[in-house]
Structures are given as C-alpha cells and as structure tokens.
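Notebook open, viewer running. I wanted to look up the ring pairs and then one of the sheets.

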Amino acid sequence: MVISTKTRLYGILGDPIEHSLSPTIQNAAFRGAGIDAIYLAFRVDKGRLQDALTGVRSLGILGVNVTIPYKVDVIQYIDHLDTEAEAMGAVNTIKNDAGKLTGYNTDGLGAVEALRGACGGLAHARVALMGSGGAARAIAFSLARERAKITVLNRSLEKAQTMALQISEKLGIKIECLALNSENLERTIPEVDVLINATSIGMAPKSRETPVKKEMIHPRLVVFDIVYSPLETRLLKEARAAGANAVDGLEMLVHQGAAAFEIWTGRKAPIEVMRNAALERLKEGYA
Ligand code: NAP
C-alpha cells in the first residue's frame, strides 16, 4: 500500500498500548476493504487525554478506539454520546465528523457475539460476571439487554453496585452484586451457566494469575475470558481441563473491532480477514 496525502488516519489511545492487537486487525480490515487508511497506536500519558483529543480534532484523525485506562474518563472530552455508550458510561470508539467527536461502545456487542457462538440464546442464561471496569460495564449492559440473569463479582463491591444500579435504572433488570472472593465464587459458580472474566487478572505479564480456583469449574460451564493477551489464559486452560466450554477474548476483540470499523466507514467489516490477521500475529509469538 502506498501512503500518500490522501491516506486517512485512525488509531487507538491508551496506556499501556503495546499489547494491543487493534492495529493488526484494523489495518488488515482497511486493506481487505480496499480503503486508503492506516491505524496507529498512541500511548497517551495520564493527564494528556484532553490534549490527545484536541490532536484528533485538529489533525483530522477520522476515528479512534479508546482502551485502558481511559474508557470512562474520555467521556468528558467528547461532544456527543450515542445512547448505548451513554447508558454504559464507557466509550471504546470515537468517530470524528469534521471536528465533532461522537462516542460509541462496541465492547458489549463484541462479547455478546462471542458468547452467542458458544451458548446460542442468552435470554435467561445465568451468568457470573467478574469485574466492573470499562469492559465489564459494557458486557453487563449488553447481557442485561439480552435478558440474561447476571451476578456481578468485583473487588470493589461499591463499584459493582453503582454499575448495577445504573443498568437497572436504564433497563429495569435487577443485577446481584457480590465481592470478588473465594467464598462468593464457591457459592455462585455451581448455580450459573456462564462464567466471564472481565477483570485484568491473568493478563500478561501476570499470566500465571487466575481469578478462580480450578476446583470450582464444572463441565456444564461456558467460561469466557475476555483477556486476549495471552489468548490461552490460565483460566481457560483450567476450564478446558475441567471439561468446560472455553471461549477466548479474540472473538470479542474481532467483533468489537468490526463494529467500530462499520461506524467509521459505513462499510461491512471483513470479519474473516480481521480474525485471520489477529491469529497470524498471535502465531508469530505475540504475547
Ligand atoms: P478496567 O476498566 O481497568 O477494569 C479492570 C477490572 O479488573 C476492574 O473490575 C478491577 O477491579 C479488576 N481488577 C484488576 N486487577 C485486579 C485484581 N488484582 N484483583 C481483582 N480485581 C482486579 O479494564 P477494562 O478496560 O475493563 O479491561 C479489563 C480486561 O479486559 C483487560 O485485560 C483488557 O485487555 C480486556 N479487554 C478485552 C477486550 C476484548 O475485546 N477481548 C475488550 C476490552 C478489554 P476494581 O474495580 O476493584 O478495581
């Protein structure tokens, strides 16, 4: 591909950003769709987020993804929120229309698409969701909209309760909240069909860690770990060994990326191309 004055720029803002697979999948998507654009990773220092968004506007960057730790903070610096992102209270995708920035959230949709493959319908599925950060909020909202029965477990119980209250106000769905500890996990896991890790526990470089003791995993479970670095987390390895159905974070990543691509370009995302590019990169020894 020749980069010229016509080449458009997209990117991702976060810190750390080195682990991100988004440049791989989005650049593959642009090439696959024959769009003259490139996608770069920008590490944004704490305290420089507003400056970064001024840069997006002034340089005419057409769209950015937002990742750890800025998905919530970024809301104060953009012009509009679509209804989903507003309800979720977190943004992972921004579209720049001639300097006006609109925030979207495609994480929940990505997670639901990833789970649909393993569970079929999610209505009335009993789900234990670990985490209440940016990704967990989006997942909880999307699962609640699918009418799943959700228990959230988080290290900071108060954060989980605030999230549950906001979702229940928007969707009228009650969500149970518990502190993330062994006792509550032991009580909850036998009662659920789906266990989701939406914390960063197990993410490289701390890939020896796991949020759940292997003895707690039962073969009727679908275990979905949204961490994708490494792709085969300790939780997923132990889930497979216990006979559970293991779903990795790549499917969510590909589907949330495809939804972002469609918001930016108005074109159908080449999902297979995106998935293959990510798998290729992972085979090369990434993470
Ligand atoms: P975040 O907003 O920083 O939230 C982190 C969550 O992890 C919080 O619930 C936090 O609990 C919990 N946590 C962190 N360290 C913990 C520990 N030692 N013990 C217990 N809980 C801990 O991050 P995020 O954006 O939601 O991302 C979370 C993970 O998902 C990351 O690994 C990210 O790469 C991955 N992710 C994957 C995809 C995908 O497409 N597959 C998309 C988005 C994110 P507290 O609330 O108590 O702090």
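I searched the whole structure for aromatic pairs and got 4. Rings of Phe, Tyr and Trp (its six-membered ring) pair if their centres lie within 6.5 Å; planes under 30 degrees apart count as stacked, over 60 as edge-to-face and the rest as tilted. This is a predicted model, where local features need pLDDT of at least 70 and side-chain atom pairs count only at pLDDT 80 or more, while totals for chains, interfaces and linings use all residues. Residues are numbered from 1 along each chain as its sequence is written, and side-chain values use heavy atoms, with hydrogens and water left out.

Helices (H or I, at least four residues) and strands (E, at least two) are DSSP runs, numbered from the N terminus.

Buried or exposed, I asked of tyrosine 10? Tyrosine 10 counts as buried at 5% relative accessibility, and tryptophan 264 is buried at 7%. The cut-offs are under 20% relative accessible area for buried, over 50% for exposed and partly exposed in between (1.4 Å probe, protein chains only).

Next I checked tyrosine 39 against tryptophan 264: the ring centres are 6.1 Å apart and the planes at 45°, so this pair is tilted. Tyrosine 39 lies in strand β2 (residues 37–43) and tryptophan 264 in helix α9, so the pair ties together parts 225 residues apart in sequence. Tyrosine 39 is buried, at 1% relative accessibility. I noted one aromatic cluster made of Tyr10, Phe30, Tyr39, Phe261 and Trp264.

On to the sheet. I traced an open sheet of 6 strands, paired parallel, in the order β9-β8-β7-β10-β11-β12. Two strands pair if DSSP finds at least two bridges between them. The edges are β9 and β12 (245–247), each pairing on one side only. From one strand to the next, the twist averages 20°.

I looked at β10 (residues 194–197) and β11 (residues 222–225), which pair parallel over 4 bridges. Asparagine 197 has aspartate 225 in β11 as its bridge partner. Helix α4 (residues 107–119) packs on the sheet and touches β10, β11 and β12, contact being heavy atoms within 4.5 Å. Its direction makes about 155° with that of β11; axes are lines fitted to C-alpha atoms, for helices over the stretch in contact, and angles run from 0 to 180 degrees between N-to-C directions.
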